[in-house]
Amino acid sequence: MENDTITVTGHQIHAAPCVRMLARTLGVNLAEVEPSGLKERIVEEDVKNFVRHVMDERKRKSE
Amino acid sequence: MKDTVEIDKSETQEWLDALASVVDREGENRARFLFNSLHSYSDKQGLNIARTFNTAHRNTIAVSDEPDYPGNLDIERKLRAAIRWNSIAMVVRANAKDKSIGGHLASYMSSSTLYEVGFNHFFKGSPTRCEGDLVYFQGHISPGIYARSYLEGRLSEEQLDRFRREVGGGGLPSYPHPYLMPDYWQFSTVSMGLGPIQAIYQARLMKYLHNRDLKPLGERKVWAFLGDGECDEVETLGALNLASREKLDNLIFVINCNLQRLDGPVRGNDRVMEELESSFLGSHWNVIKVVWGSGWDALLESDHDGRLQRLMNETVDGEYQNFKAQGGAYTRRHFFGKDPELLARVEHLSDQDIEELTRGGHDSLKIYAAYQKAVKTTNGKPTVILAHTVKGYGMGSEHGEADMEAHNIKTMELEGLKRLRDRFAIPVSDEQLKSGPMPYYRPGNDAPETDYLHARRTLLGGYLPARNTDHETLSIPALDDKVFTAQLKGTGERKISSTMAFVRVLTGLTKHKQLGERIVPIIPDEARTFGMEGMFRQLGIYAAGGQKYAPVDAGQIMYYREDIKGQILEEGITEAGAMASWIAAATSHANHGKMLIPFYIYYAMFGFQRIGDLAWAAGDMLTRGFMVGGTAGRTTINGEGLQHQDGHSHLMASAIPNCRTYDPTYGYEIAVIVQHGLKEMYERHKECFYYLTIMNENYAHPAMPDGAQEGIIRGMYLLQAGEDDQKTRVQLLGSGTILREAEAARELLLDFDVAADVWSVTSFNELRREALEYDRQRFMKPQEVYEKPWLTQALENRSGPVIAATDYMKLYADQVRAWVPNDYYVLGTDGFGRSDSREQLRAFFEVDRYYIAWMALVALCEKGEVSADIVEQAMNRFNIEPDRLSPLVS
């Protein structure tokens, strides 16, 4: 019953627990990630693409 | 426990968010699929991640899913108030006259709303009393049901005043008893546990009737109301799996969880609702919890951090009881006060407001939502509603509400009555309360409540409870019908058991044109022991889902055939279940308007000894049918030993006033008894049922002697007259297989020049009952002349001492001693049984031919008719050992 103290907040974002963990580890806000899965589900690749995109942007800016 | 401690909130959050997103985007079904996949993965990996069979301590139905209430809440509240008032008045008035009368107030007070929502919106009645719902009312709340019938005009004030005062007629029984109110009560629901198991098998019988095209089920439901404390009876929860296995979606249990039984809390240190929820979920029932009333909705809605829910989940029943007994201020301090944040959340509520935060089982809206869901759910499962209530609800915390002794309260002081009157707004003055007995209150005929009450019941088809007493009459074939004639002719040289003779009669009945489809053979396993396996194929074993496999014996003539239209109820190893099943079938005429003829065939030892209370209730419920104790007789079922050898079931059966019992020996006796029983019950409508014992010993069965028929029914007849030319005579009485030992003893006695008349005593119980009535008449009106008891008439013109021997305790034959017109000696099988050959056992229990013959000679010696030398001679010849220990103590 311990879970009763945690309330669900992020149900606007559709993603599996492993994807959420990945996002948390990388400090990614899932709200900014473009979903590619069925019914707008964010998949692992989407998070990776997002990070790659941000890194590319930074590289481009610093050049 | 380690696994309930939160060690990584963000990880937990991810899983919950993920699940929430699946529900949100893909729906509940997809979420369930994922859950099941997780479970099957963990099963495959051999992980011990148990499924939980519990939900949080809150209502199953969300506030947003509650339907609109279709009734007038204000009028229904007034009706409930009047019913509660009168239910108390009848108990209080009865006990004012005589404090020993007793009665229970608190159970109905806690369940009033549960019943009233049912009466106003769900329980269907019918003009024939055989088409509507079947409601098993929890026994202790009967005053509330009488009080409702009073408002309906079905019971008068005079009748209410005769609650628990039944002698002389017209009274109201303490609990539901069809025997005492045959046009009112349908089901005996006390003692506790009998109601729920009967309800399960009733719901199954209705499916059986439907599937066999005997009576369509339609929308009919079985409602069983029971208490949380009652769930500790094994009968209550013992058959839950049958209900789900048989897909009894026509069955609804409503458990009044008032958390108390007579002595104290049901589960002081735990939550009984949680325990019951997991039991029912584990048995694949739908579980609907009605925990909190509408007053809690706002508090729970704003419980964003789950603190309140956690507190609810952790509070034990002993505390919950205390909150209601001690009131609002106490609840604020000791419930909400456990968490400063929660204390702040109820700051705006007064103590009175807190006291009035009700439990779900007192809230019509919540109950209606639950009943509606139960009635509409069509997933093939039975449903249980767990309703959280307060024992003695409405009586006031100083006058019994949630009090430790609430169950035993049957009187109320003036102050308590005043408070009750104010709470229920009953128009009765202080003067009226002070001056006389607590007055009844019935709203006038033109009051809106009265209109409403009748309108609701009219809409739902009629008033409840009501039992049908207009039964169909069956035409029973005469004894010369082919069903019976084979048995009357005997078997010649052929040796068969009385069980086989019985099975032949039963088979004949199943083939009879008019009666065949009404025969319901019920067996708790062991059909093969009784040689009934042939019926498996002929009649089929009832199986709601048909047969989904090829039985291993498919190629054989008598294979195990299961069929949705099967006639046999093969109950498996549950005597309580099989007996409940028999009761349902044996009352089908009263509840379904369809007369059935059920035969319950079982191991005699596991009959009355094991299901005695159900058998007593069967008598109360005016059952009609046959109970057949197989492998009977202490020495006859020889190999099975102490726990299996029945030597007393006839004595137990004799305790039930409307149970007629027989211990036949020969096939023609069985035919006569069964034919007579059928005629009595189904043609002449005698309110009785039959118990007969059948045995597994093989012997030749003679043809019926001329003129034996009446004696077979009344309890004894002359089987074999002794030689006329002998002056020295004895009378030998025997029953069951031991009758044959008496016949053999007759031969032995010829060597001693003693003639013996041999009597078959088919029922010592029937002989005694008749004789008792004879005595009673004689004492009542000594001036009149009465015909002597059958037993006395039979023996009074015969000379010689009388020796009786049976395979039962000596008391069985001894019970007629007062009416035996000569010296009387009894042999029987007192003591624990044990395994050995029949010969050894009969010698051990001293009931064999040698003991019978020797006893006859001893009896004659005592009369001076034979010499002591002869007795000694016999002792040596028969190997009688005078120094051996009595079987009673060895």
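What follows is a short tour of one chain as a whole and then some pieces of the other.

This is a predicted model, where local features need pLDDT of at least 70, side-chain atom pairs count only at pLDDT 80 or more, and totals for chains, interfaces and linings use all residues. Residues are numbered from 1 along each chain as its sequence is written, chains are lettered from A and ligands numbered from 1 in the order in which they are written, and side-chain values use heavy atoms, with hydrogens and water left out.

Let's start with chain A. Its secondary structure comes to two helices and two strands, and from the N terminus on they run β-α-β-α. Helices (H or I, at least four residues) and strands (E, at least two) are DSSP runs, numbered from the N terminus. Of the 63 residues in chain A, 27% are buried. Buried means under 20% relative accessible area, exposed over 50%, and partly exposed in between (1.4 Å probe, protein chains only). As for contacts (heavy atoms within 4.5 Å), 31% of those in chain A between residues at least 6 apart in sequence join residues at least 24 apart.

Over to chain B and its strand β5 (residues 383–388). How many of its six residues are buried? Six of the six are, so to speak, under cover. B:Thr383, B:Ile385 and B:Ala387 are buried on one side, and B:Val384, B:Leu386 and B:His388 on the other.

| Strand of chain B | Sense of pairing with β5(B) | Bridges |
|---|---|---|
| β3 (residues 251–257) | parallel | six bridges |
| β4 (residues 286–290) | parallel | five bridges |

In detail, B:Cys257 stands opposite B:His388, while B:Lys289 has B:Leu386 as its bridge partner.

Next comes helix α22 (residues 498–511) of chain B. Its 14 residues reach 20 Å from the first C-alpha to the last, close to the 20 Å expected at 1.5 Å a residue; that expected span is 1.5 Å times one less than the number of residues. Eleven of the 14 residues are buried, so α22(B) is largely enclosed by the rest of the structure. Among them are B:Phe502, B:Val503 and B:Leu506.

Last stop: helix α1 (residues 9–26) of chain B, where you'll find B:Leu19. B:Leu19 counts as partly exposed because its relative accessibility is 32%.

Notes. Pairing = 2+ DSSP bridges.
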